[in-house]
Every structure is written in C-alpha cells, then in structure tokens.
Amino acid sequence: MGQTNVGKTIAEKIFAAHRRDTPAPGTEVISLDAVFCHEITTPIAIMDLVEKGMDQVFDASKIKAVIDHVTPAKDSKTATQGKIMRDWATRHQIKDFFDIGENGVCHALFPEKGFVRPGYTVIMGDSHTCTHGAFGAFAAGVGTTDLEVGIYKGVCSFRSPQSMKIALSGKLAVGVTAKDVILAIIKKLTVNGATDLVIEFTGETVAAMDMSARMTICNMAVEAGATCGICPPDRITAEYLWPFIQGEYANIEAAVADFQKWHSDADASYVSVVEMDVTPLAPQVTHGYKPDQVKDITEMAGTPIDQVYIGSCTNGRIEDLRAAAAILKGQRIAANARGIVTPATPAIYRQALAEGLIAIFMDAGFCVLNPTCGACLGMSCGVLAEGEVCASTTNRNFNGRMGKGGMVHLMSPYAAAAAAIKGVITDPRPLIGK
Amino acid sequence: MKTFGGQAIFLDRSDINTDEIIPAKYLTEITKTALKPHLLEDLLLDGQAFDAHSQAMQEATVVVSRANFGCGSSREHAVWAFEVNNINLIIAEGFARIFRQNMFNCGILAITLEKAHIDALFALAQKGAVTVSVDLTAGRLKATSGDAAYECAFPLNDFDRELVGAGGWLTYADQRY
C-alpha cells in the first residue's frame, strides 16, 4: 500500500462512484443499482418491514425478484414463502418478478435478462451473488437485514474494498473447464484465503472465457471467503449484453471503450497477486466437507457414486449442458447410479430442447427437472440418503448440504456426466465425444 | 443497550459453516423462533456429531470458536438460530464477512481475537466452565474459570459499535439515510 500507488482497482472505482457515506474510517455505505430477491431470504425482510410500518421499496425498477429455491412449492411453508413474495411484488408493482413458468436459478436468470452491467452495485440475500461480478460489477451476497435495508433504502455497508488479483495464463486442455480452474484456485487459497476481499480474475485465460465460464469462476469466489469476484468487462461482456445496451451505444466498440472505465489502473494496489498457469491443469474434484479439499480427479477415480446432479448457479447453463451431453450422447447411466439434470432457466431449457440435449439426457436415463436450485442445498428434490454419494456440478460439499449424512463431490459437467455412465468418479477426458 | 457475556461454549474447529449452524431444510421457516431446536444440528467436531442439546449448550450465552466462523451461505438464519438460543456474543479468531455483518446488523456482538488470545480462552476452558464478561466502552473482555482468569482488549470500529448501540442496521439506516 505504498503512497506512490495512486491507481484504483475496479472495486475501488465502483465504490467511489456509489459512495453515500463513510460512517467510520474504512467502512463505506454505497448506493445500490440493483437489489435481487428470492423466496428463501426475502420473506422475513418483507414481514419485518410490514410489522415495523416500513413496507416500502426504494425503487421498484431496481428490485428484481424470483422464486427459485423451492419451485413449484413442495409444502405449505414453501407455498407461504412464495405467496409472500408474490403479494409483495404485486403490492409494490415490482415488474421484474419471475414466478412459475418464467422462473429459474437467480444467478443464471438475472444475467440472462440483462440486469447486471459493468460498474453496477448489486446485493442479494444469497452468498453466490458474487457470480454477477463476471460482468465487471460489484455484487455481494448479504444477510436478510442488509437485504431489508437495501429494499427499503437502496444502500448497503461494506468495508472499503481490498482486492486480490488472480492472474490466469495459459489455455485450458480439452475436458478441463472454468469449474476445474476455480476448484484449483480455492484449493490454493483455502476456504479462508480471500475472506473479506474482492477477487479480481484477470489474464489471458479469463479474457478468452465466455460469460458462462466467467460466471462459474466468480460464482465460487465466496467459497474462498471473497465478498465478490470480478472480471474486467470487455468485448465478450459487451456482446453478451448487446441486446440490452444497444440503445445506449452507437456500436459494440463504443460499449467496449466505455467499459474501460471499469478496469483497474496499472498501478492499483492489491493485497496479494496470485499467478496460475492453467495449461497443465487436470479435471478437479473435491473430497471431504470443505470446497478447498480438492484433488486431481485421477486421485479419486473409482469412488462409487449413487447420484449425479447437473445444474445450479455454478454449472446449469447451456454451455454446461452441452459439455455433459458431449459425454452422455449414446450412453446409459450406470446401473448403480441415478441422474438429475436441471437447466438453470427456462431459456436454457428451451435451448437444450432445441439442440437435442434434453433427448440425450433422457436417453441416458436422466430425470430432467424444471429450473430450480433443487438438490444443490437439499431443500427440495434430489436429497441424498444417509451414506449416499453425489457427483455434483454445484458449489458446496458441506456436511449435510444435499441431505443429512450424504457426501457431495464437486466437479465439472464433463466429470459429472462421466461419473454417471461409469458409476464411479472417473477422468472424463477419454470419454468426450465417444 | 444489550449486555453481552455469560457462560461460554467452546467449538474447537475452524471453518464452521452456516449449513452446519442451521441446515437449509429449515430455511422454509418464516419465524426466527422455529429455528430454535435445530441450532448446530449438522456440526461435526473431530468428525463426531456435536450434541447441540447438552446441558452446557442450554446454559451457554457465549460461543468461542476458531477461524473463519460462519462461512458459506449468507443465511441470516444462522445468526437468528444463535439469537433465539440466547447466544449474545460470539468470539472467534475470524469470521466470514457476511456472518459477521449479519451479527452486527442484528445488534449482536462478534468479537475477533488474535489466535494467541483464542488459544488462551480454550486453555482456560480446560480448567472448567468459563464465564465471559465484556466492557464495550473500554473494549475489554474478561474470561473466568474458578480462580483463573484471562483478560484482553478487543478491536471494535466505530460503525460496529454504533450498530450494536442502535440495536442493528435497520434502525441505524432508517435514522441516517
């Protein structure tokens, strides 16, 4: 933190542009461009605001809401959560509310709708909100009270951002994905290695990644403790967002040039810089109950599995389904295993149908679920029994996460699909396109 | 203002996550009190299931733990589950950002101490039941077990102090923004 360093990181630039207050040295209250809401963490905020006579929203156009964790409702309690959201959205004329038929996993759905832009500040009562940093935004998961204040006042408090730079170089080998990259990074950092930091993902590898891959790496930044993951917004960002921003720019080049203002300065200060060459990286998999317990998949080969789950905000996008289908095409799930695939949004589902991917999954013996968070956190369908093992494309392997006494091995869609047809954890690379 | 302290329970593990503190299947509850019986239900200590309904747990109002406490899911239910079980203070070597913020947002105290201090508190617990008292103004904490005691200063920034004083972030923000 030398005084000669006057440059700013992306996060510092975003904070400078949104600063509302500095209630204490090192703490900033920032204004919010978007407050995202889902039915698990929002209803208690709504009920508390109602009870306190504060049932207002700071700006209905900046609130985006979805029912995604348990949908369709599985019981009276989840039906009530949905009803509270629905009534609230109606009461406050929240136009961007996504209910059954239009709903999907929040961190896949909201980017698809163009709700996140470079330089934005976003909060949601969901730790994987860090996903949206893929667009060059500051997006942070928060608790219900922060969400409540966000809904009511449009502000949130954070420590002045301190960033860690992760510079990725090299080209990913065939069968190795953004999921393997982020698992390798979490292994290196540990689950506490980036606590209270913003992780800036940079370098030629990130520059070559599509938005789906960038969302995958930013999604799991929180598993290393990070407040947010951020990728510098570039032409790939602009092309993804073009349908939503074309009215604001003469052409894509103009958007790309404008996004430069949300790039870190060359002399910006970082708490630490981590460099990683991804070229030699092999497919990765977790073992144990922490997401930093990661091995090369070859070290876990032969571990029997009971269930395969392909979906979630980490890996439920069309690119993920294509990857899994490349292995599953013409194959059948092993006799000892069962498979569940959950396209993360209706648009992804529709696209997967159009491309014949859903037929490949069904021919292989998979159950195709509607878009929902599903098995990832064991709240509704796809819960494991005691002692069962799941090969999963999700983001957390905590004890009990997918059901009490279950074990979750986190891996890429290629690796999960390979596990499905072999019935054991296996290196997916020899199976691609077979 | 709330007072903070009382008898402590010691959770000797780093990286205790919010899924262990309150499993997701209970997130369908829309009242905080419904979480009460399920606190720490999936916690493993030394690979063994933790007894969340022990006498010591029933009597505790303070939790002492290791690094990265409350990591994982953002669910404020984890803080509420402690709150409805009368826990008013958590002392750890470190907290996950969201969990720590949720504590102060609810007007509950989260104290971060250096490892040496945490080790000293765990050592004190070897002698018997530990009672913790906190002087918020002076920023000092005292832990006693029988005749033995350990005292140290703790850091608390002005914003966190004001959140505790206001009883949480909603009241603070409503008055100020």
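**View 1. Domain 2 and domain 3 of chain A lie with their centres 25 Å apart, taken over C-alpha atoms.** The model shown is predicted. In the domain assignment, domain 2 of chain A spans 163-277 and domain 3 spans 286-431.

**View 2. The contact between domain 2 and domain 3 of chain A involves 19 residues of domain 2 and 24 residues of domain 3.** The two domains of chain A bury about 1600 Å² between them. Carbon and sulfur atoms account for 57% of that area. Of the area that domain 2 of chain A buries against domain 3, 29% is supplied by A:Lys179, A:Leu183 and A:Glu223, more than any other three residues.

**View 3. A salt bridge joins the side chains of A:Glu223 and A:Arg396.** The N to O distance is 3.0 Å. Across the interface of domain 2 and domain 3 of chain A, one salt bridge is found. The interface of these two domains also has 10 residue pairs in polar contact, both residues being at pLDDT 80 or more.

**View 4. Helix 6 (178-189) and helix 8 (211-219) of chain A each supply at least two residues of the side of domain 2 that touches domain 3.** Helix 6 of chain A gives the most to this side of domain 2, with five residues. By class, the side of domain 2 of chain A that touches domain 3 is made up of eight nonpolar, six polar and five charged residues.

Key: Residues are numbered from 1 along each chain as its sequence is written. Chains are lettered from A and ligands numbered from 1 in the order in which they are written. This is a predicted model: local features need pLDDT of at least 70, side-chain atom pairs count only at pLDDT 80 or more; totals for chains, interfaces and linings use all residues. Side-chain values use heavy atoms; hydrogens and water are left out. Domain bounds come from an automatic or database domain assignment. Contact means heavy atoms within 4.5 Å. Buried area is the accessible area (1.4 Å probe) that two parts lose on being put together, summed over both. A salt bridge is a side-chain nitrogen of Lys or Arg within 4 Å of a carboxyl oxygen of Asp or Glu. A polar contact is a pair of N or O atoms within 3.5 Å; within protein, one must be able to donate a hydrogen and the other to accept it, and residues adjacent in sequence count only if both atoms are side-chain atoms. Helices (H or I, at least four residues) and strands (E, at least two) are DSSP runs, numbered from the N terminus. Ala, Val, Leu, Ile, Met, Phe, Trp, Tyr, Cys and Pro count as nonpolar, Asp, Glu, Lys and Arg as charged, and the others, Gly among them, as polar.
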